[in-house]
There are 2 protein chains.
Amino acid sequence: MKYITIKDIAKKLNTSVSTVSRAFNDKSDISAKTKELVLKTAKEMGYRQNRMAKNLVQKRTYNIGIVVPEFVNSFFPEVIMGAQEVLFKKGYQVLITQSNECYTTELKNVQSLENSMVDGLLISLSSETDNIDYYQDLVNSGFPIIFFNRTYKEIKASKVLFNDYKWAMFATEHLIRQGYKNIYHLQGIKSLTLSKERRRGFVDAHKKHKLTYDKSQVITSGFHMEDGEKIAAQLIENNTIPDAIFAANDQLAMGAMSVFKKHGFKVPKDIAFVGFSESKMGSMVEPPLSSVKQPTFEIGKQAAKLLLDQIEAGTKHTPQTVKLDGELHIRESSLKK
Amino acid sequence: MKYITIKDIAKKLNTSVSTVSRAFNDKSDISAKTKELVLKTAKEMGYRQNRMAKNLVQKRTYNIGIVVPEFVNSFFPEVIMGAQEVLFKKGYQVLITQSNECYTTELKNVQSLENSMVDGLLISLSSETDNIDYYQDLVNSGFPIIFFNRTYKEIKASKVLFNDYKWAMFATEHLIRQGYKNIYHLQGIKSLTLSKERRRGFVDAHKKHKLTYDKSQVITSGFHMEDGEKIAAQLIENNTIPDAIFAANDQLAMGAMSVFKKHGFKVPKDIAFVGFSESKMGSMVEPPLSSVKQPTFEIGKQAAKLLLDQIEAGTKHTPQTVKLDGELHIRESSLKK
DNA sequence: TGAATTTCCGAGAACGTTCTCGGAAATATT
DNA sequence: AATATTTCCGAGAACGTTCTCGGAAATTCA
């Protein structure tokens with residue numbers, strides 16, 4: 001597969017590579033006639049620009065990399081769409097990469113993108129990631145990078161976050177106000193800042209309403225539906241039946257709910273459920289699941305904007321944190337009639 | 001932000017760039033001692049390899065691009081995971097790009113990747129794409145590219161497809177055998193080969209069982225849940241109530257089902273539903289939705305393998321088509337008791 | 001008509017790597 | 001001890017672009 005280069009075009013037209021290059025880059029110092037001629041013959045010859053060479057001399061790629069842990073749930077896809085909207089408008093391309101919740105591939109992805117493939121990075125950490133040294137070094141080296149949603153408090157860098165504490169508290173309070181007293185929290189993966197914040201909201205809601213609360217009411221697991229199912233089965237086996245469950249995401253809530261339903265419990269009469277990060281699926285199940293809706297699209301947009309600002313500013317930027325709010329969508333799964 | 005290059009390292013160590021390069025590339029003609037020294041100081045100096053330069057001289061990137069129309073549904077994410085598994089093992093990186101069902105951005109994505117960003121491409125066309133000239137040219141130029149799922153019969157290139165005809169026929173026959181006689185087909189977007197194949201299966205099942213069939217039983221729309229809802233509302237308004245619906249995907253089926261349910265129809269007693277491309281959501285709704293399960297993971301793996309073969313073979317490859325089979329998962333939504 | 005200005009173009013360096021080639025030093029072989 | 005072989009390294013071209021600089025040709029101005 002022989003590539004056509006601007007040299008070939010120049011030779012054919014008996015001109016110089018400079019002229020050909022000028023034609024492609026909308027430079028002013030070229031006559032309209034020759035420009036047209038170059039463009040025409042380039043097309044005829046099947047010329048395709050070599051971005052590697054171009055990027056090499058220009059030292060920028062107009063690519064932005066996005067690293068997410070997964071996209072089987074619609075959460076990250078929606079964030080990505082938000083980011084794309086901003087980035088496309090500014091002429092950037094978006095390269096997405098998926099870590100599969102695995103720290104090693106996450107690192108490989110980042111390194112691959114970071115090495116002059118992209119001008120900046122949007123990243124949400126995998127649930128496995130617990131070592132942030134590499135990222136901190138990268139940030140310190142001046143590489144433009146924005147963390148969103150899944151991140152660590154300790155990282156000193158720009159972030160776009162959801163106000164997990166506040167909305168976890170709201171969600172819990174909603175349950176308390178409905179009269180539920182023995183509420184359990186499925187916190188998912190313990191180590192993530194986001195989990196800690198949601199748990200803190202859960203606990204503080206209890207304090208605020210002077211409700212007793214015991215450590216055993218918070219249960220750690222993964223983030224998948226299967227985890228929710230397992231926990232529910234365990235609770236039923238131990239015969240410790242909560243009257244409400246607040247889960248750190250919809251998957252956990254739905255998993256648990258389906259098991260409880262299968263065992264004859266009525267939702268929300270016997271046991272109520274509230275999820276988090278509203279998923280489309282949540283509103284389709286029976287009964288529809290109450291959940292905290294995150295502004296996914298907006299998260300993506302904000303992160304992209306922050307990144308572009310940072311790229312513009314060069315080394316002279318200061319880390320910024322944007323914290324966004326959402327809504328609590330109350331549905332049947334948590335409504336005492 | 002000043003980048004450290006191998007020249008800087010060479011200067012510091014009073015050696016040549018060749019030696020430094022050798023150290024990084026596991027070449028044999030370098031002593032273990034100097035290699036270690038180079039690697040150590042490189043790390044100290046914060047060296048990061050410039051992939052642009054490397055790729056430029058090597059004329060390959062070890063990147064594979066994937067272009068999908070969307071990933072809000074889990075179908076494409078699962079395919080991607082399958083592809084990643086194969087590609088990672090062979091040392092390739094994966095760059096994903098999303099067209100948002102828009103031909104223009106699809107083309108932009110492809111062009112951006114094609115221009116020496118990747119060694120090959122895996123692509124599933126957007127629903128809007130109806131001009132395949134660009135792709136055919138690309139294939140003819142020798143660029144390694146595999147089409148999967150959403151493609152056109154007319155494109156002469158390697159493909160990984162699902163046996164849509166066969167399984168649409170199975171699904172329809174299942175309904176017929178259950179005793180349903182007035183079956184409608186929601187075919188989604190008409191122009192896609194995949195839609196045509198599924199419709200052909202639907203029609204031929206009728207022929208095979210000597211069931212009368214009228215053109216009005218096939219309804220065209222988009223592929224989203226909202227489209228299913230609209231169609232159902234329309235059918236109800238016109239008072240043309242099918243006794244079963246076979247939809248080209250789960251979203252359409254679920255959309256329609258929810259509207260029928262809202263209007264008091266009992267599923268599957270009054271009206272049955274079968275979807276396609278089984279989604280996780282389908283098994284969570286009430287009643288659980290029957291659907292044809294596609295081997296998403298396997299599709300990704302096969303496509304990746306085909307692509308790697310093609311890259312190996314260089315220009316000397318012949319287009320190949322792999323057609324995969326699935327399973328019909330029968331659930332309550334189509335089970336006459 | 002001659003000078004000043006503008007328009008257009010070519011030569012060649014630069015970007016950061018890899019890779020081939022030739023050769024010096026070290027080691028093995030006779 | 002002399003030769004043959006192996007091990008290791010440096011010089012410099014090459015990859016395909018962009019970009020600066022200088023200058024010729026064309027145009028404008030007086």
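Predicted model: local features only at pLDDT ≥ 70, side-chain atom pairs only at ≥ 80, totals over all residues.
Author: Local features here need pLDDT of at least 70, side-chain atom pairs count only at pLDDT 80 or more, and totals for chains, interfaces and linings use all residues. Residues are numbered from 1 along each chain as its sequence is written, chains are lettered from A and ligands numbered from 1 in the order in which they are written, and side-chain values use heavy atoms, with hydrogens and water left out.

Reader: What is the area buried between chain B and chain A?
Author: The size of an interface is often given as the accessible area lost when the parts come together. Buried area is what two parts lose on being put together (accessible area, 1.4 Å probe, summed over both). For chain B and chain A that is about 4,700 Å². Carbon and sulfur atoms give 62% of this area. B:Arg48, B:Met52 and B:Met284 supply 15% of what chain B buries against chain A, more than any other three residues.

Reader: Why is the pair B:Glu226 and A:Lys280 called a salt bridge?
Author: The rule asks for a side-chain nitrogen of Lys or Arg within 4 Å of a carboxyl oxygen of Asp or Glu. B:Glu226 and A:Lys280 meet at 3.8 Å, N to O, so the pair qualifies. Across the interface of chain B and chain A, the rule finds four salt bridges.

Reader: How many residue pairs between chain B and chain A are in polar contact?
Author: Nine, with both residues at pLDDT 80 or more. A polar contact is a pair of N or O atoms within 3.5 Å; within protein, one must be able to donate a hydrogen and the other to accept it, and residues adjacent in sequence count only if both atoms are side-chain atoms.

Reader: Why are E7 and E12 of chain A said to stand at the edges?
Author: Two strands pair if DSSP finds at least two bridges between them. In chain A, six strands form an open sheet with mixed pairing, in the order E7-E6-E8-E9-E10-E12. Strand E7 (218–220) and strand E12 (327–329) of chain A each have a single partner strand, so one side of each is left without a neighbour in the sheet. Neighbouring strands of this sheet are turned by 20° against each other on average, direction ignored.

Reader: What angle does helix H8 of chain A make with E9(A)?
Author: About 170°. Axes are lines fitted to C-alpha atoms, for helices over the stretch in contact, and angles run from 0 to 180 degrees between N-to-C directions. Helix H11 (residues 250–262) of chain A runs at about 155° to E9(A).

Reader: What is the strand order of the open sheet in chain B?
Author: E7-E6-E8-E9-E10-E12, with mixed pairing. Three bridges join strand E8 (residues 244–247) to strand E9 (residues 272–276) of chain B, which run parallel. B:Phe246 has B:Val274 as its bridge partner in E9(B).

Reader: Where are B:Pro268 and B:Pro287?
Author: B:Pro268 is in the loop between H11 and E9 of chain B. The peptide bond from B:Val267 to B:Pro268 is cis, with omega near 5°. B:Pro287 lies in the loop between E9 and E10 of chain B. A cis bond joins B:Glu286 and B:Pro287, with omega about -10°.

Key: Helix = DSSP H or I, 4+ residues; strand = E, 2+ residues; numbered from the N terminus. Contact = heavy atoms within 4.5 Å.
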